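I opened this notebook to record what I looked up in one structure. The entries follow the order in which I consulted it.

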Amino acid sequence: QVQLVESGGGVVQAGDSLTLSCALSGRNFYTYAMGWFRRAPGKEREFVAAIRWHSGITFEADSVKGRFTISRDVARNTVSLQMSSLKPEDTAVYYCATEEYGTLTSISAPNRDGRHWGQGTQVTVSS
C-alpha cells in the first residue's frame, strides 16, 4: 500500500526558507509522478510543484516559480520541496501526492482517481 508522510512544516518569518520532505513507501515509484499541493485557510487546494520520479523533470506553479524547488532522492524514496523567500500568502497546509503513470500535467490537476495523498504539514509564515 502506498504511504506518504510529510514533515518539515513549521512557523517562520517572511523571507525565511524552509524545506518540506515527503517519505514514500509501498511501491517501486519508477513509473510515478509526485506533486506538492497546498490549501490555505478558506481557499481551494492548489498545485505547487511536480516531478517525474524516473526522469527528475520538474514543473512549478507560476506563484512559486523561482522561490520553490522540488526534488527527489531515489535512494531515500523522498520528495522534497525547498521553499525560499517565503511570504505570508504561502501559509497553508502542504500535501504530498503521487499517482502511477502520472505526467507533470496529470499530477498538477486538483485530484484524480487513484492518486495517493499524505496527511499534510502546516507551514505558517508571519509578516
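**Entry 1: an aromatic pair**

I began with Y32, which is buried at a relative accessible area of 2%; buried means under 20% relative accessible area, exposed over 50%, and partly exposed in between, with a 1.4 Å probe and protein chains only. The model is predicted, so I noted that local features need pLDDT of at least 70, that side-chain atom pairs count only at pLDDT 80 or more, and that totals for chains, interfaces and linings use all residues. Residues are numbered from 1 along each chain as its sequence is written, and side-chain values use heavy atoms, with hydrogens and water left out.

I then searched the whole structure for aromatic pairs and found six. One of them joins F29 and Y32 edge-to-face, with 5.0 Å from centre to centre and 75 degrees between the planes. For this term, rings of Phe, Tyr and Trp (its six-membered ring) pair if their centres lie within 6.5 Å; planes under 30 degrees apart count as stacked, over 60 as edge-to-face and the rest as tilted. F29 is buried too, with a relative accessible area of 1%.

**Entry 2: the aromatic cluster**

I recorded one aromatic cluster formed by F37, F47, F59, Y95 and W117. Over the ring of W117 sits the charged end of R45, 3.8 Å from the ring centre. A charge counts as sitting over a ring if NZ of Lys or CZ of Arg is within 6 Å of the ring centre and within 35 degrees of the ring normal.

I located R67 in the loop between β6 (58-60) and β7. Helices (H or I, at least four residues) and strands (E, at least two) are DSSP runs, numbered from the N terminus. Is R67 buried or exposed? R67 is buried, with a relative accessible area of 12%.

The side chain of R67 makes a polar contact with the side chain of D90 at 2.7 Å, and the R67 side chain also reaches the backbone oxygen of S85 at 3.0 Å. A polar contact is a pair of N or O atoms within 3.5 Å; within protein, one must be able to donate a hydrogen and the other to accept it, and residues adjacent in sequence count only if both atoms are side-chain atoms. Leaving aside neighbours within four places in sequence, I listed the contacts (heavy atoms within 4.5 Å) of R67, among them Q82, M83 and L86.

**Entry 3: a four-stranded sheet**

I traced an open sheet of four strands in the order β1-β3-β8-β7, with antiparallel pairing. Its edge strands are β1 (3-7) and β7, each pairing on one side only. Two strands pair if DSSP finds at least two bridges between them.

Five bridges join β1 to β3, and Q3 stands opposite S25 in β3. Strand β3 (residues 18-25) pairs with β8 over six bridges, where S21 stands opposite S80.

**Entry 4: positive phi values**

Which residues other than glycine have a positive phi? I noted N77, with phi near 55 degrees, and Y101, with phi near 60 degrees. N77 lies in the loop between β7 (68-73) and β8 (78-83) and is partly exposed at 22%. Y101 is in the loop between β9 (92-100) and α1 (104-107) and counts as exposed at 62% relative accessibility.
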